[in-house]
Amino acid sequence: MSKGKFSDIKIEGARTNNLKNIDVKIPISKITCIYGPSGSGKTSLAFGTLVDESKRRYLNSLPNDIKFLWNIPPSADVDKIEPVLPVWALAQINPVVGSRPVVSDLIGATELLTRHYTLNGDFYCAECGGEIVKKSFEDFVNNWSRNLDDKEVIHFFIKKDAYKNLTPTGTPARSCKGKKSKIEDFNDDHAFWEVTRCRKKNISSALSRLEDFVGNSKIVFLIKVNGSQKNTEYEDSGSFCGDCSTPIFNSDFSSDKFNPLVATGACDECDGFGQTLDYDLTKIVKNETLTLDEGAIPLLTYKQFAHLMDDFKKDLKKKKINPELKFEKMSKAKWSILEKGGDNFCGLEEIYNYFERKKYKRSIRILSRRLKTERTCETCLGTRLRINKLSVYLSDLELSDALSSKINQIEATLKESSTDKDLSFKKLSFILETAKELGLGGVSLNRKVKTLSSGEYQRLLLVKILAQEGTGMLFVFDEPSRGLSIKEQGILYKKFEKLKAQGNTVAFVDHSRFLQSRSDYLIKMGLGAGSHGGDVVSVEKNKRKKITPAPKIVIPKLKSKSYVEFSEAKILDLFIKNIKVPLGNISWVIGDSGSGKSLFFKQLFYNHIELKHSGVKNFDLPYDFKRFHTTNVISKISYFDPELRTASSRSTVGTFLGFSELVRKHFSKLPVSEKLGLEPGCFSPNSDLGKCMTCEGRGILEIDMQFLENLTIKCEDCNGTKLKNDISTISDGTFTVDQSYNLPLKEVFETYKLTPKFAKLLEYTKLLNLSHLSLSRTLKSLSGGERLRLQFLKNLNLKATGEILIFDNLSIGLSGQELDGISSILKELKRMKNTVIIIDSNHYFSKIADNLIDFNDL
Ligand SMILES: [Zn+2]
Ligand SMILES: [Zn+2]
Ligand SMILES: [Zn+2]
């Protein structure tokens with residue numbers, strides 16, 4: 001697959017999702033940007049076609065037993081892709097990771113850092129902090145035996161083979177089976193043979209006789225004391241603690257002993273997880289206000305365990321507890337019967353043991369995971385590291401502390417350390433520096449990946465992929481500019497150029513004008529979304545590549561008579577002398593990530609005004625200021641965050657916007673439903689009336705595999721529809737219930753009579769390019785831009801007046817056309833005398849802003 005043979009990746013007849021049987025070329029060893037409105041097929045082309053097909057072909061070339069660990073993408077609907085390059089891809093939606101990985105694992109720093117530490121660090125005794133002393137065999141024996149009685153006999157053994165090499169004909173008087181076994185009469189089968197023995201007081205003469213043996217570095221000595229057995233082991237060039245004499249062996253210095261990701265370095269207790277997963281008595285009882293028959297303990301109502309219920313009830317009766325009572329009304333003795341069992345009931349311990357034995361069964365795995373709780377590991381205190389004989393330091397920073405430092409801090413420490421700059425050190429530096437440059441310096445290496453915001457997660461994956469080395473590869477990114485300031489985008493582009501210089505091909509989907517203007521090639525998809533998209537509108541070589549710096553922003557600071565003002569505001573290490581936000585206008589807030597713009601507006605500005613206004617405090621970071629002043633009454637303040645942390649994993653487009661309710665009512669009014677007595681709830685996967693009981697209305701079964709990616713399986717009972725089978729197929733003549741939830745919402749509501757409120761909402765979904773979504777799409781599965789616009793819609797109150805509305809990262813994933821839609825709504829909000837604050841690096845907003853707040857200048 002040399003560059004000479006191919007100059008482009010040729011894609012022919014691509015039909016994934018809405019793609020209209022298109023042919024397109026991606027130039028090899030160039031940087032190509034794919035853009036167009038959302039829903040136009042950019043992602044279908046870049047990921048659904050190019051990435052999936054390349055990945056699938058690669059995975060299919062691997063042996064079967066490795067493959068089962070990965071989701072093999074379905075084959076893409078495409079006639080031909082040539083050549084297929086090895087691909088590195090960063091999609092917007094990434095698989096949920098298990099609960100194990102932390103940030104340093106994600107970016108590959110754990111291994112590199114432990115390696116660097118063990119190669120270049122200073123070792124100390126972990127027991128007492130003493131210095132480690134290299135020593136001769138003589139030192140070792142003297143030190144080891146210094147507390148022994150003079151009359152004690154010491155035996156020296158070496159491995160049988162070594163003995164035979166050195167004295168081919170001789171046989172010793174004694175031998176022993178292994179390191180911990182007793183001294184016995186000579187037996188040819190034993191592994192260790194005695195070289196010599198002596199009393200403690202004569203040790204120096206014995207040592208001189210051992211010189212020959214010690215000269216051979218491969219020989220392991222086993223020294224045993226007669227009487228009170230005290231075995232130890234010496235490895236040549238071993239060391240010991242100068243203070244407490246703990247012997248240290250060569251292998252103790254190996255990096256594997258400090259790496260929590262390998263068995264020899266991971267904490268024994270928690271297997272390097274940092275947390276232990278234990279059965280939790282309180283989880284087995286689901287609802288104490290129910291009786292046993294009503295399902296207080298769901299486990300005992302399952303068919304396979306029903307006999308245990310009878311046993312449990314019998315034992316309760318024996319203790320004079322009425323088994324028909326609500327669980328909470330039973331006396332305390334119930335707990336001990338439950339836990340330890342009685343004359344009939346076997347007790348939970350035995351049930352848990354049964355679960356562990358039957359773990360290979362999927363249903364048992366799911367069941368037992370539900371009964372467990374995570375706790376911080378008491379042995380390693382969450383550091384995930386095995387207890388070692390040694391602590392390793394570099395520039396006064398211990399390894400386990402380094403592994404929990406912030407990226408900034410460890411990057412600075414490593415810069416200072418004047419050690420050999422080997423390859424893996426260079427790679428580590430690159431990773432940490434890139435993370436810092438992309439605004440992630442404040443993130444700790446030991447943060448659980450699960451707790452990151454989706455933006456941070458995305459950028460850390462970006463760091464990891466940018467650190468890949470090699471040539472002839474294809475790198476594909478979805479919306480890499482997300483959350484980055486113009487300056488940071490400049491840094492990102494430089495990294496793209498580095499990949500290109502190494503002979504790689506870069507293709508990315510992005511709306512950023514800045515990145516577009518620098519790319520070698522531009523592919524525009526369109527024209528519209530869904531069935532109106534899926535075409536290549538244009539492919540052009542970007543001849544007028546502008547390498548000019550970001551455009552100068554010319555928005556004067558607005559002098560307004562009405563404003564909100566904070567003076568000498570402090571939060572974390574951010575200090576702002578004075579900040580004035582004019583009321584009734586649109587303010588645009590810019591600054592590098594990490595400059596504190598979101599921190600200030602969310603945790604202080606919004607939090608404080610909301611607290612004064614409604615007495616509700618939404619965030620807990622301590623803050624302080626000297627003066628707060630507002631000229632007008634603020635009727636309400638809102639903060640729009642793209643993260644949507646409050647949405648449950650079950651939230652869908654339909655439940656979020658309220659459209660699902662319309663569908664439920666619509667179907668419950670059909671004659672067939674009235675005849676069967678089906679209420680609206682029967683058509684909801686969130687109601688006991690309608691949901692498939694097997695998957696609890698989730699359509700999938702998800703298992704936390706702890707050490708691997710979560711495993712997701714489609715529910716076989718409802719075939720993923722989430723609803724009871726006889727309900728999902730009811731039809732209103734146009735669509736079935738299942739179709740109503742799964743077709744684009746604009747099609748579904750064409751035949752509905754909508755109230756003015758929902759008619760307006762539907763109109764706005766079209767304006768904001770969201771009407772191609774289906775009601776059943778989970779919020780989790782949406783792109784950042786789609787989620788953001790949804791939330792924007794949901795919280796929009798067009799009757800609002802005198803409110804402050806703060807929008808953080810509003811432009812993520814939005815095309816110019818979508819920004820036009822949002823802008824017209826923002827201008828409407830301003831016309832209604834609201835204050836709009838936009839925190840965003842997209843220069844589009846210079847078009848509508850009345851006032852600029854630049855955090856780089858504050
Ligand atoms: Zn020590
Ligand atoms: Zn542990
Ligand atoms: Zn189901």
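Guide: The site of the zinc ion (ligand 1) is tetrahedral, with angles of 102 to 118 degrees among its 4 donor atoms. Before we go on: this is a predicted model, where local features need pLDDT of at least 70 and side-chain atom pairs count only at pLDDT 80 or more, while totals for chains, interfaces and linings use all residues. Residues are numbered from 1 along each chain as its sequence is written, chains are lettered from A and ligands numbered from 1 in the order in which they are written, and side-chain values use heavy atoms, with hydrogens and water left out.

Visitor: Which residues are the protein donors of the zinc ion (ligand 1), and how do you know?

Guide: Donors are N, O and S atoms within 2.8 Å of the metal (3.2 Å for Na, K and Ca), and water is not among the atoms, so sites may look incomplete. The SG atoms of C125, C128, C241 and C244 lie 2.2 to 2.3 Å from the zinc ion (ligand 1), so they qualify. Their spacing along the chain is C-x2-C-x112-C-x2-C. C128 sits in the loop between β6 (122–125) and β7 (132–134) and C244 in the loop between β14 (239–241) and β15 (247–248), so this pair ties together parts 116 residues apart in sequence. Strands here (E, at least two residues) and helices (H or I, at least four) are DSSP runs, numbered from the N terminus.

Visitor: Why is C128 called partly exposed?

Guide: Buried means under 20% relative accessible area, exposed over 50%, and partly exposed in between (1.4 Å probe, protein chains only). C128 has 38%, so it is partly exposed. C244, at 33%, gets that label too.

Visitor: What about the zinc ion (ligand 3): what are its protein donors?

Guide: They are C692, C695, C715 and C718, each through SG, at 2.2 to 2.3 Å. The angles among the 4 donor atoms are 106 to 116 degrees, and this site is tetrahedral. C692 lies in the loop between α23 (671–676) and β30 (700–703) and C715 in the loop between β31 (711–714) and α24 (725–728), so the pair links parts 23 residues apart in sequence.

Visitor: Are C692 and C715 buried or exposed?

Guide: Buried: C692 has 6% relative accessibility, and C715 has 1%.

Visitor: Which residues touch the most other members of the largest nonpolar core, and what makes it a core?

Guide: A nonpolar core is a set of buried Ala, Val, Leu, Ile, Met, Phe, Trp, Tyr and Cys residues joined through side-chain atoms within 4.5 Å. Of the 62 residues in the largest one, L113, F477 and F496 touch the most other members. Helix α16 (residues 423–440) gives the largest share, 8 residues.

Definitions and conventions:
Four donors count as tetrahedral if all angles lie between 85 and 135 degrees; four count as square planar and six as octahedral if opposite donors are over 155 degrees apart and all others between 65 and 115; anything else is irregular.
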